[in-house]
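Hi there,

Here is the structure I promised to pass on, with some notes on what turned up in it. Have a look at it first, and then read on.

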Amino acid sequence: MGFGRSSSSSSSSSALKWLGFVTAVWVQSISGNNYTFSNYSDALKSLMNLTQLELNNLSVAKDVGKAFGILAGLASDRLSTPVILLIGCFEGLLGYGVQWLVVSRTIQPLSYWQMCVFLCMGGNSTTWMNTAVLVTCIRNFRRNRGPVSGILKGYVGLSTAIFTDLCTALFSADPASFLVLLAVVPFAVCLTAVFFLREIPPATSAAEEDEETKYFAVFNIVAVVVAVYLQSYDIIGIKTGAFSVAFASILLVLLASPIAVPFHAFIRSLNLKDRDEEDVEGRIDEPLLRSETVEETVVGAAAAADNEFPLSPKLLKEEEESHVAIEKRRPVLGEDHTILEALLTVDFWVLFVSFLCGVGTGLAVMNNMGQIGLALGYTDVSIFVSMMSIWGFFGRILSGTISEHFIK
């Protein structure tokens with residue numbers, strides 16, 4: 001009876017772990033809204049009568065929101081994953097919802113500093129989503145950190161193209177409709193993830209790790225298919241009528257398709273459980289009395305040995321000190337670090353300097369892509385925003401795969 005319960009628990013936990021990862025992918029697919037500023041920046045500029053410098057400062061306020069992501073990181077050690085997701089989705093709903101009210105002219109344009117605050121909130125909301133998803137999935141799949149980070153960050157890159165192309169297909173790239181998507185869709189997806197994204201014990205056997213590798217290959221293939229599909233839509237250029245509706249429908253099906261993985265994992269686990277139960281039933285077990293007798297003999301011998309050769313106080317003290325030293329050792333790369341422990345490592349500062357020097361240039365280009373396109377005579381710059389997102393995705397997912405095979 002105990003064997004049956006443990007097998008059933010194992011099969012359900014495996015399925016729940018993959019179901020959580022699928023919802024994590026969906027969250028990442030809609031959490032790259034911080035890179036979509038170019039799609040509605042011109043509307044803000046005209047409504048608020050901003051200069052180019054003032055518009056740039058608005059985009060800076062949005063990016064400053066991401067700088068406060070340290071709050072989400074600190075909270076991840078104290079708050080559960082659902083709470084972090086809820087904070088992110090409600091903050092995003094408020095931040096992008098107010099921007100929608102302004103762009104749709106439902107309310108009068110707010111003062112400049114107020115708009116800076118709400119753009120900052122919108123930018124900060126994604127850090128809570130990313131932190132909840134990335135931290136939880138890294139803990140659930142400790143042996144496959146590279147593929148996990150590559151897939152999740154890759155979908156963040158794709159999310160800009162997903163939002164842009166869906167809005168272009170369904171709403172003719174209307175800025176107000178685009179902001180509705182940015183406010184409502186992440187809110188709804190995060191509410192779904194709240195019920196399924198949990199920390200679950202990672203794989204403990206080689207067979208489970210091999211199974212994870214195969215499933216991650218499926219996620220990579222689906223992501224590449226989605227990226228190629230989005231790129232094809234941008235190149236074809238037919239963005240009206242029934243074609244656009246069909247494109248949006250197929251895209252949603254592709255994004256939903258990873259849900260097949262947890263179902264497959266659950267069915268596979270049930271089949272393995274049935275096979276193991278058949279093996280147990282066909283096996284001739286030894287009498288329980290003999291094992292109990294042997295166990296009693298071993299325990300009795302151990303107790304006698306302890307009584308005959310008791311540890312001296314000095315040896316006990318040395319043993320306790322060695323245990324304390326083991327407990328106080330610094331975690332190695334791949335293990336959980338506190339903020340202070342991370343600050344004391346070279347790896348942290350290498351990453352910090354790399355991000356400080358490298359990420360800002362890309363953000364500056366994406367924030368001003370709308371103005372660059374308009375200056376070059378293009379009335380619709382969504383294709384440029386989408387293509388930058390797609391090729392950013394290929395870089396992200398490739399880096400995660402390479403890191404797993406060449407950087408141990």
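Where is the place of Asn 49? Asn 49 sits in the loop between α2 (41–48) and α3 (52–67). Before I go on, please keep in mind that this is a predicted model.

**Two residues with positive phi**

I start with Asn 49 for its backbone. Most residues other than glycine have a negative phi. Asn 49 is not a glycine, yet its phi is positive, at about 55 degrees.

You will find Arg 105 in the loop between α5 (81–103) and α6. With 65% relative accessibility, Arg 105 counts as exposed.

**Salt bridges**

The count of salt bridges comes to five. Here are some of them, with the surroundings of each residue.

Lys 17 and Glu 212 meet through their side chains in a salt bridge, at 3.3 Å from N to O. This pair links distant parts of the chain: Lys 17 belongs to helix α1 (residues 2–29) and Glu 212 to helix α9 (residues 206–236), and they are 195 residues apart.

Another salt bridge joins Lys 62 to Asp 63, with the closest N and O atoms 2.7 Å apart. Lys 62 counts as buried at 1% relative accessibility, and Asp 63 also counts as buried, at 18%.

Then there is Arg 139, which forms a salt bridge with Glu 199; the closest N and O atoms are 2.6 Å apart. Arg 139 lies in helix α6 (residues 112–140) and Glu 199 in the loop between α8 (175–194) and α9, so this pair ties together parts that are 60 residues apart in sequence. Arg 139 is buried, with a relative accessible area of 17%, whereas Glu 199 is partly exposed, at 46%. Asp 77 comes in here as well: Asp 77, Arg 139 and Glu 199 are linked in a network of salt bridges.

**Helix α10 and its neighbours**

Two packed helices are described by the angle between their axes and the distance between the axes. With that in mind, take α10 (residues 241–256) and helix α7 (residues 145–171): their axes come within 9 Å and cross at roughly 150 degrees. Angles over 145 degrees count as roughly antiparallel, and that makes α7 roughly antiparallel to α10. The crossing of α7 and α10 is left-handed.

Which residues meet there? From α7 come Tyr 155, Ile 162, Asp 165, Leu 166, Ala 169 and Leu 170, and they meet Ser 244, Phe 247, Ala 248, Leu 251, Leu 252 and Leu 255 in α10. Sorted by class, the contact of α7 with α10 has 10 nonpolar residues, one polar and one charged.

Helix α10 also packs with α9, at an angle of about 170 degrees and with the axes 10 Å apart. α9 and α10 are therefore roughly antiparallel to each other, and their crossing is left-handed. On the α9 side, the contact is made by Val 222, Val 225, Val 226, Tyr 229, Leu 230, Tyr 233 and Ile 236. On the α10 side are Phe 243, Ser 244, Ala 246, Phe 247, Ile 250, Leu 251, Leu 254 and Leu 255. By class, the contact of α9 with α10 has 14 nonpolar residues, one polar and no charged.

**A proline in a helix**

Lastly, please look at Pro 262, which is found in helix α11 (residues 260–282). Pro 262 counts as buried, at 5% relative accessibility. What does Pro 262 touch, not counting residues up to four places away in sequence? The residues are Ala 15, Trp 18, Leu 19 and Val 22. The C-alpha atoms of Pro 262 and Gly 20 are separated by 8.8 Å, though these residues are 242 apart along the chain.

Best wishes

Definitions and conventions. Residues numbered from 1 in each chain as written. Predicted model: local features only at pLDDT ≥ 70, side-chain atom pairs only at ≥ 80, totals over all residues. Heavy atoms only, no water. Axes fitted to C-alpha atoms, helices over the stretch in contact; angles between N-to-C directions. Helix = DSSP H or I, 4+ residues; strand = E, 2+ residues; numbered from the N terminus. Parallel < 35°, antiparallel > 145°, perpendicular 65-115°, else oblique. Left-handed = near helix turned anticlockwise from the far one by under 90°. Contact = heavy atoms within 4.5 Å. Nonpolar A, V, L, I, M, F, W, Y, C, P; charged D, E, K, R; others polar. Salt bridge = Lys/Arg side-chain N within 4 Å of Asp/Glu carboxyl O. Buried < 20%, exposed > 50% of the residue type's maximum accessible area, 1.4 Å probe, protein only.
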